[in-house]
Amino acid sequence: MTEVAENLPPIETIYNPNSREYMENPVPQCLELARRGRLVWYEPWQAWIMTRMDDIMACWKTEPLSSDFYDWEYAPKRPPEEEWSNFERALIGHSLLADHDHHRLVRRVTAPAFSRNVVDKIQARIEPEIKKLFDELGSPDEFDYREKIAFHIPFISITRMVGIPEKYWPEIKQVIVTFTETWNPTISDEQRESARQDSNRAITILKKIIDERRNAPQQDDFLSTLLRIEAENEGFEEGDIITLILALIGAGADTTLVAQQWSVYALLKNDRSQIAKALATPDSFSNAFSEISRWGISSKMGFARYAPQDMEFMGEQLRKGVMVLMMPHLKDHNPDYFENPEKFDVERVFEPDATFGYGPRFCIGAALAKRQLYLSVSELFKRFPNVELAKEPERDESDHNAVVFKRLLLKTNCR
Ligand code: HEM
């Protein structure tokens with residue numbers, strides 16, 4: 001560990017994202033960790049941490065490390081193929097994560113399904129659902145935005161985007177809540193196994209939905225688009241469709257919930273003149289969301305990669321399977337990267353903008369995520385132009401990946 005002098009304090013005393021101090025103000029800890037060096041060994045997690053943006057961008061771009069959870073040294077063992085359930089078939093056999101060539105193929109052939117044009121059509125389905133949520137809310141003096149609005153948005157947008165018929169919603173709902181637990185390194189084996197069983201049940205339902213759709217006329221949703229892509233592209237099969245839908249659930253549910261809370265909190269906590277600028281158009285909100293993410297630093301762990309073999313990497317010797325965490329959030333209040341980092345400015349220029357990743361694994365759902373946020377936050381301010389925070393929200397210590405709130409109480413001031 002070349003850059004760490006011997007008499008420095010232990011790493012967990014300078015960076016502990018589960019500490020109360022981090023949750024209240026992550027900035028000092030992020031800056032301190034970055035000062036420790038480019039690639040820092042984090043003993044409590046048995047992981048290396050990559051702290052600098054140029055290294056992270058290079059890693060995103062050229063992918064020298066694996067993104068496959070099963071390559072982690074502490075991951076549950078990959079079962080032999082004859083023992084695979086639907087879950088392993090989806091997560092290993094057709095994995096978006098494992099094989100670079102297959103990943104590139106899936107991204108290339110499915111790109112049209114995520115184009116702006118398709119997002120516009122999906123918007124038309126999501127918008128009435130969001131309005132319905134606010135109709136049901138009515139005009140209370142005070143309400144919890146997390147419970148009444150944010151919590152429902154991932155489910156609405158994923159089911160509407162994919163085209164999951166309403167009769168299957170109750171069964172699919174559970175897996176949307178638990179799916180990311182199937183590869184969460186920080187929870188117990190029992191919790192992971194229970195999430196795996198939920199996922200297996202969801203895959204059975206997805207297969208049923210796909211069978212039904214094969215016999216139904218073309219519809220204007222993601223599933224129909226993917227079935228067309230399947231018919232036109234060799235090497236892209238039903239297993240890929242299931243994997244991709246699970247990936248959308250896995251990558252799109254928690255992230256959206258966090259983004260919802262921070263978008264509302266950041267706009268209400270700062271100078272109110274920023275609200276109109278942020279919500280002027282979907283494009284202005286897109287930039288505002290990068291600023292919301294930067295200002296809020298909700299991330300705790302960053303993005304995990306694993307050494308595919310014993311290897312030399314950035315001057316260090318990595319053992320096969322060791323976790324490497326890329327932490328782009330460490331830069332977010334660093335004046336070397338951002339002028340006046342404490343200032344919240346929704347018109348700040350981001351070059352490059354890495355809010356949704358970079359390179360071959362750039363977020364598939366970025367356009368959709370920003371649009372659904374724009375729609376719900378706009379609706380909030382349309383219904384309650386004088387809304388404000390009822391009180392400073394308490395942070396939820398139980399979330400291992402992100403700083404989130406237990407509740408986000410808003411005072412509507414509508415009477
Ligand atoms: C505000 C919310 C979101 C944020 C901040 C976000 C951010 C990201 C980031 C940074 C990555 C790259 C991760 C890495 O390199 O390990 C990523 C990947 C991904 N995201 Fe998102 N995301 C969001 C919402 C969504 C939504 C709504 C969906 C789907 C509907 C989605 C689907 C995906 C998928 C499938 C990947 C993996 C792409 C691949 O490996 O090729 N994300 N996201």
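Which residue in β9 is the bridge partner of leucine 389? I looked it up: leucine 410.

Notes on the model first. I'm working from a predicted model, where local features need pLDDT of at least 70, side-chain atom pairs count only at pLDDT 80 or more, and totals for chains, interfaces and linings use all residues. Numbering starts from 1 along each chain as its sequence is written.

Sheet. I traced β8 to β9 (residues 409–411) and found two bridges, with the strands running antiparallel. Strands pair here if DSSP finds at least two bridges between them; strands (E, at least two residues) and helices (H or I, at least four) are DSSP runs, numbered from the N terminus. The open sheet has three strands, ordered β3-β9-β8, with antiparallel pairing. Its edge strands, β3 (142–144) and β8 (388–389), each pair on one side only.

Ligand shell. I got 19 residues around the ligand, with Ala251, Gly252, Gly357, Cys363 and Gly365 coming nearest (near: C-beta atom, placed from the backbone, within 6 Å). The elements giving two or more residues to this shell are α13 (238–269) and α16 (366–383). The largest share, seven residues, is from α13.

Cores. A nonpolar core is a set of buried Ala, Val, Leu, Ile, Met, Phe, Trp, Tyr and Cys residues joined through C-beta atoms within 7 Å; buried means 20 or more other C-beta atoms within 10 Å of a residue's own. In the largest core, 70 residues, I see Val162, Ile245 and Ile249 touching the most other members. Helix α13 supplies the largest share of this core, 16 residues. A second, separate core has 27 residues, including Ala34 and Met53.

Notes: A residue is buried if 20 or more other C-beta atoms lie within 10 Å of its own, exposed if 12 or fewer, and partly exposed in between; C-beta atoms are placed from the backbone.
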